[in-house]
Amino acid sequence: MPYLILAIIIAIIAIVIASSKKKRQNAQSYSSVEVAPDEKEYGRQGELFATDIICSVLRDGDYFFRNVHIVYNGKKAELDNLIVNKYGVFIIEVKNYKGVINGEEDDYNWIKYKDDGYGNMFQDLVTNPIQQVKRQTYILANYLRENGVNVWVEGYGTLLQDNSPVNSEHLLYDVDDIDRAIHTYSRKLLDAKTIEKIKALILELLDDAGDFS
């Protein structure tokens, strides 16, 4: 009889432990997906990695700026990476999305599918960098024009995980693409006076800049 009671007690303890473990796993799963405390850090690491890539292709006469906050006509934007040189003005928006992405080029948001590590698949909306950078180029071009500089602004997105759901001329896929995008003559070359004026206007907005002239 004592052995039977002991067996029942052991069985109850095992059930409680298993139930507790399952609850902890569910809580962790919910936290990693809903709260995602590591997602911002993961994104920052991606931005720094992208900065290193961009810096690796910069040449004499290139000006490189990071994290430029700009407002035009009540519209706000933060420019991840901005390059100014004789070939023009270029914005590169960096995304470090993990998971499978689904969407079209004209969609404002894309759908990201991600496994939480416990066999559960979740989906979330993420910003389409193509549409985001189009908005950024509009704001920057108008800001410059308002301040006396009428230049064309080119905008590109890049996904560090190479998981874009579309092929687009507005996306850069590797280092060579970045180099070509910012060092290819496509319109009238900017003269030194115009470049210096753009540089001065950006420096007024700047949180963090690098000068590679």
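Is Asp80 buried or exposed? Asp80 is buried, with a relative accessible area of 8%; buried means under 20%, exposed over 50% and partly exposed in between, using a 1.4 Å probe and protein chains only. The views below come from a predicted model, in which local features need pLDDT of at least 70 and side-chain atom pairs count only at pLDDT 80 or more, while totals for chains, interfaces and linings use all residues. Residues are numbered from 1 along each chain as its sequence is written, and side-chain values use heavy atoms, leaving out hydrogens and water.

**View 1. Asp80 and its neighbours.** Look for Asp80 in strand β2; helices (H or I, at least four residues) and strands (E, at least two) are DSSP runs, numbered from the N terminus. Leaving aside residues up to four places away in sequence, Asp80 touches Glu47, Phe65, Arg66, Asn67, Ile92, Glu93 and Val94, where contact means heavy atoms within 4.5 Å. Glu47 is 33 residues from Asp80 along the chain, and their C-alpha atoms are separated by 7.7 Å. The side chain of Asp80 also reaches the backbone nitrogen of Val94 at 3.1 Å.

**View 2. Helix α3 from end to end.** Helix α3 covers residues 129-146, and its 18 residues reach 25 Å from first C-alpha to last, close to the 26 Å expected at 1.5 Å a residue. That expected span is 1.5 Å times one less than the number of residues. Of the 18 residues in α3, 13 are buried. At the start of α3, a side-chain oxygen of Asn128 comes to within 2.9 Å of the backbone nitrogen of Ile130. After the helix comes Gly148, with a positive phi near 90°.

**View 3. The largest nonpolar core.** A nonpolar core is a set of buried Ala, Val, Leu, Ile, Met, Phe, Trp, Tyr and Cys residues joined through side-chain atoms within 4.5 Å. The largest has 27 residues, and Leu82, Val89, Leu140, Leu144 and Ile198 touch the most other members. Helix α3 gives the most to this core, with 6 residues.

**View 4. An aromatic pair.** The whole structure holds 1 aromatic pair; rings of Phe, Tyr and Trp (its six-membered ring) pair if their centres lie within 6.5 Å, with planes under 30 degrees apart counted as stacked, over 60 as edge-to-face and the rest as tilted. The rings of Tyr72 and Tyr138 have centres 6.4 Å apart and planes at 75°, so this pair is edge-to-face. Tyr72 is buried, with a relative accessible area of 15%, whereas Tyr138 is partly exposed at 42%.

Note on methods: A polar contact is a pair of N or O atoms within 3.5 Å; within protein, one must be able to donate a hydrogen and the other to accept it, and residues adjacent in sequence count only if both atoms are side-chain atoms.
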